[in-house]
Each structure stands twice: as C-alpha cells, then as structure tokens.
Amino acid sequence: MSTTARAELHVDAPRERLWHALTDADTISRYLFGTRVETDWREGSPILYRGEWDGKPYEDKGTILEIVPGDRLVTSYYSPLSGKPDEPASYQRVSYSVADDGEGTLVTITQDGCADDEDAERMSANWAAVLESMKGVVEEG
C-alpha cells in the first residue's frame, strides 16, 4: 500500500516571495538544513540535493516533472538513504504549491509513495518542520 504525506502552512508574505524560496538555491539552503540544490528549473531536467546529515554527506536526486512559475513545482525524488535500489519504483513524487491565502500565502507540500501510514506521518512531520523553517526565512525578509 502506498500513501501520501502532506504539510501546509500559511506564511505572511506574498506568493512571489514564497516561489523564490522554493526555487532559489541560496534561500533553500537557509531553510533546508544547509542542503544545496542544483537544477536549471526546467521540466525534464535533473535536480540534485547535496548536503550532510548526521555527519555523513548525501546526494539525493530526481527530475523536474512539472513547473508552473509562481504556482506549482512537481519533482520525482530518490534518496540512497532510503536503502532502496535506484530504480523507477523507488522514486517518490513531491509536489510544492503556493496559493493566495488572505493577506499571505498558503504553501502545501505533498509526497506520494510513502510505504505506509506511519511513514506518511513521519514524512508529514518532516515537511511541517521544513515549512516552519521556510516561514521563518521568508517572513524575516
């Protein structure tokens, strides 16, 4: 059975600033635990996530599946830390969306392909922490 993780958060900032936070490598590094993202932000292009976790370097990867500037970004995602082989069935789909929400923006992240409900809950909590960190970076300007 496969299930979906989900996290969303209201941010007191305009949509354009949230989109920038989702697609600017320096800003991403500030809220994603120092992770460096490399891509050209075009559909079909590779996306790499490099960093260090628990003192060990990692390189996660995927492909930009869909990008609608100012609205939605969808990528495939694979991490060798998952212990799964690097094959299509091991990739998950991660979607980021931004939408006007009163005087701010609602940011939503979903991750399909979680192993079970427990995995989805764990990933939802991880994404919620990322969104809280992003909110702090974006709202401070």
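Two strands are said to pair if DSSP finds at least two bridges between them. Strands (E, at least two residues) and helices (H or I, at least four residues) are DSSP runs, numbered from the N terminus. The model is predicted, so to speak of local features requires pLDDT of at least 70 and side-chain atom pairs count only at pLDDT 80 or more, while totals for chains, interfaces and linings use all residues. Strand β5 (residues 72-77) pairs with strand β6 (residues 92-101) in the antiparallel sense, over six bridges. At one point of this pairing R72 stands opposite S97 of β6, and at another Y77 stands opposite Q92 of β6. β5 is also joined to β4 by four bridges, and these two strands run antiparallel. There T75 of β5 is the bridge partner of I64. β4 and β5 form a hairpin with three residues between the strands, in which G70 takes a positive phi near 80°.

How many of the six residues of β5 are buried? Five of them are, so the strand is largely enclosed by the rest of the structure. Buried here means under 20% relative accessible area, exposed means over 50%, and partly exposed lies in between (1.4 Å probe, protein chains only).

On from β6, the next partner is β7. Nine bridges join β6 to β7, and the two run antiparallel. V98 stands opposite V107 of β7. The two strands form a hairpin with two residues between them, and G102 in the turn has a positive phi of about 65°. L106 lies in strand β7 and is partly exposed, with a relative accessible area of 24%. The C-alpha atoms of L106 and H10 are separated by 4.5 Å, although these residues are 96 residues apart along the chain. In a regular strand the side chains alternate between the two faces of the sheet.

R36 is placed in strand β2, where it counts as partly exposed at 36% relative accessibility.

Next come the charged side chains. Side chains of opposite charge can pair when their charged atoms come close. A salt bridge is taken to be a side-chain nitrogen of Lys or Arg within 4 Å of a carboxyl oxygen of Asp or Glu. By this rule the count comes to twelve salt bridges. R15, E66, D71, R72 and D100 are linked in a network of them; R72 is the residue that stands opposite S97 in β6. R6 forms a salt bridge with E8, their closest N and O atoms being 3.0 Å apart, and E8 is partly exposed, with a relative accessible area of 43%.

D119 counts as buried at 16% relative accessibility, whereas R122 counts as partly exposed at 47%. E139 and K135 also both lie in helix α3, four residues apart, about one turn of the helix. Their salt bridge has its closest N and O atoms 3.4 Å apart, and E139 counts as partly exposed at 33% relative accessibility.

F33 is found in the loop between α2 (25-31) and β2 (36-38), and its phi is near 55°, a positive value in a residue other than glycine. At 51% relative accessibility, F33 counts as exposed. D54 is placed in the loop between β3 (46-53) and β4 (56-68). The phi of D54 is likewise near 55°, a positive value in a residue other than glycine, and D54 counts as exposed at 68% relative accessibility.

Note on methods
Residues are numbered from 1 along each chain as its sequence is written. Side-chain values use heavy atoms; hydrogens and water are left out.
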